[in-house]
Amino acid sequence: MVHETLAATNAVVTLDVGLPGVVWPWLVTVNMWAKSIGTGVIFMLFYLLKKYPNEAANYRFPITVVSIIFIHLFLLFTLADLHQPFRMWHIFFTPHFTSAITVGAWMATAFVVLLFLLAFLSFIKKDDTAFDKVLLWVTVLAIPVTLYTAALMSQCTAREIWQMPTESAQMILAATLSGSATVLLMDTFMNKLSTEAKRDLSIILAFSALAAFVMYMAELVFGPMKAEEVAAVMGYISNGGEYQAMFWIGQVTAYIVPFVLVVLSIVNKNQNILKLAAILALAGLWIVKHVWLMIPQLLPMS
Amino acid sequence: MKLGFLVDLHLCMGCKGCEIACKVENEVPLSTWRLRVKYVDVGTFPETKRTFTPLRCNHCENAPCVRICPVSALHYIENGIVNIDKERCIGCAGCIMACPYGAIYIDPETQTADKCTYCAHRIASSMMPACVVACPVEANIFGDLEDPTSNISKYIMQHNGDVQVRKPEKGTNPHHYYVGGGNVTLNPLASHRVEGHSLFSKITSKMPLGGH
């Protein structure tokens, strides 16, 4: 079969139209990054209130506010990415529930409503018992809100690297990484958490970083064995590809350095370097998400 | 009724008449295309040949664009065509990300998704799609896939074994077939893309070429 291999056929596209290129730009990266923080801090608040109820009590309202801010950032950038943002209401009045976008929009809306209820209970009513009861449901809802982006990406049939089951795990790990990092940073200003609580958060951060890094490496190595499209996309982050430098900057900044810093902080009992680990994890996560969003869009579809 | 398309690549001579007819019929804006013909040169001089592949929406039976559309702007009509309601589209571009064939684009004038509809408006008036009418060699064959007496069904039966779809591994069950296709013509990864061979690749107007 002469047509089966590129080298043998020497096939060159000699006339075609300009291909559209990147369709989902950096706005979508901010969307994913902000949502990770918005739901991640809720996971951390739930954990801290279960394990360290006294010291975590001070974080009920502040974490709720941080979650509200980042979820609204996520919603704002989602809206900004639409070509017809003033038609957003169509999602609620003419919804199509096979779409992860629709399901995600409805869940995110419910999540926002519950966050405002938490803010009301903690700031106005000051009812911690009711807050903790509602928080349970907010935490449960935060799981699908975190995961729906993976479902959306898996519905992008054209983008083979997003079809991996690891995408769901990466979404959860991004939430735990960014949630723990954000709470650690918050504590540098509030200084209410004990050494044990901070150590727990730093372990969550380190474990999330390690697990996410291992999964990306597995996809980089084993992904190309799955399909030629994956191999072609991975070419953009390996062998001198367009996004190779950015990919590795992201991996080092988000995962490798924070992991090492957490280990150093535990070994040396020095919690100051945790701040640096948290900042790097948050900044690096944006880079990692951005690279993963961009590379499959570079591939010609036709 | 299940309408489908078949292109006999043995017949296509790359005249781009279908492209122009589509542009005119559907008022497709500059820099965007519902249908295009891709040229791929194969071989090393002097043993070379040029292939022509018309590319349009595949009107898949299991269409990822329909599934991902949050507002049902992309929807099936009863004859199997995947149609688009531009008034409903919110421009999320999910369909563009989902379509494995790169058949959907953002219309720079309406800022909504758009694509080939097999000229659904013409079919509603019992006319053939504009590209079928324009083709000088009848390389485009259109008809009802469920009717064994239709031209397309007969063509598929006659060329049994040489009828292919693009990216069958995606499980989309396209209603768009090719006769005489090969890896080079149907697989975008089987050919190099060299800069300088794209029409309108450097648009200088303010109209976006997809994305923002």
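**Entry 1: a helix across a sheet**

I looked up helix H6 (residues 151-158) of chain B, which lies across E1, E8, E9 and strand E10 (176-179) of chain B. H6(B) runs at about 115° to E8(B). For the angle, axes are lines fitted to C-alpha atoms, for helices over the stretch in contact, and angles run from 0 to 180 degrees between N-to-C directions. Contact here is a matter of C-beta atoms, placed from the backbone, that lie within 7 Å. My element names are DSSP runs numbered from the N terminus: helices (H or I) have at least four residues and strands (E) at least two.

A note to myself on what I am reading: this is a predicted model, where local features need pLDDT of at least 70, side-chain atom pairs count only at pLDDT 80 or more, and totals for chains, interfaces and linings use all residues. Residues are numbered from 1 along each chain as its sequence is written, while chains are lettered from A and ligands numbered from 1 in the order in which they are written.

**Entry 2: the sheet itself**

Next I followed the strands. The sheet is open, has four strands in the order E8-E1-E10-E9 (chain B), and its pairing is mixed. Two strands pair if DSSP finds at least two bridges between them. Which strands stand at the edges? They are strand E8 (140-144) and strand E9 (163-164) of chain B; each has a single partner strand, so one side of each is left without a neighbour in the sheet.

I then checked the pairing of strand E1 (residues 3-8) of chain B with E8(B), which is antiparallel over five bridges. Here B:Val7 stands opposite B:Asn140, and B:Phe5 stands opposite B:Phe142.

Is E8(B) enclosed or open to the outside? Four of its five residues are buried, so E8(B) is largely enclosed by the rest of the structure. A residue counts as buried with 20 or more other C-beta atoms within 10 Å of its own, as exposed with 12 or fewer, and as partly exposed in between.

The peptide bond from B:Phe45 to B:Pro46 is cis, with omega near 5°. I found B:Pro46 in the loop between strand E2 (36-44) and strand E3 (47-55) of chain B.

B:Ser72 is not a glycine, yet its phi is positive, about 60°. B:Ser72 sits in the loop between helix H2 (64-68) and strand E4 (74-76) of chain B. B:Ser72 has 19 C-beta neighbours inside 10 Å, so it counts as partly exposed.

B:Gln111 also has a positive phi, near 55°. Its loop runs between strand E6 (105-107) and strand E7 (112-114) of chain B. With 17 other C-beta atoms within 10 Å, B:Gln111 is partly exposed.

**Entry 3: where the chains touch**

(Nonpolar means Ala, Val, Leu, Ile, Met, Phe, Trp, Tyr, Cys and Pro; charged means Asp, Glu, Lys and Arg; the others, Gly among them, are polar.)

- E1(A) and E2(B) run antiparallel and share three bridges; A:Val12 stands opposite B:Asp41.
- E1(A) and strand E11 (residues 192-193) of chain B run parallel, joined by two bridges; A:Val12 has B:His192 as a bridge partner, and A:Val13 stands opposite B:Arg193.
- E1(A) and strand E12 (residues 198-199) of chain B pair in the parallel sense over two bridges; A:Val17 stands opposite B:Leu199.

**Entry 4: two helices in chain A**

Two packed helices are described by the angle between their axes and the distance between the axes. The axes of H2(A) and helix H8 (residues 166-190) of chain A come within 7 Å and cross at roughly 70°. That makes H2(A) roughly perpendicular to H8(A), a word used for 65 to 115 degrees; angles under 35 degrees are roughly parallel, over 145 roughly antiparallel, and the rest oblique. The residues of this contact divide into seven nonpolar, eight polar and no charged.

Conventions: Two residues are in contact if their C-beta atoms, placed from the backbone, lie within 7 Å.
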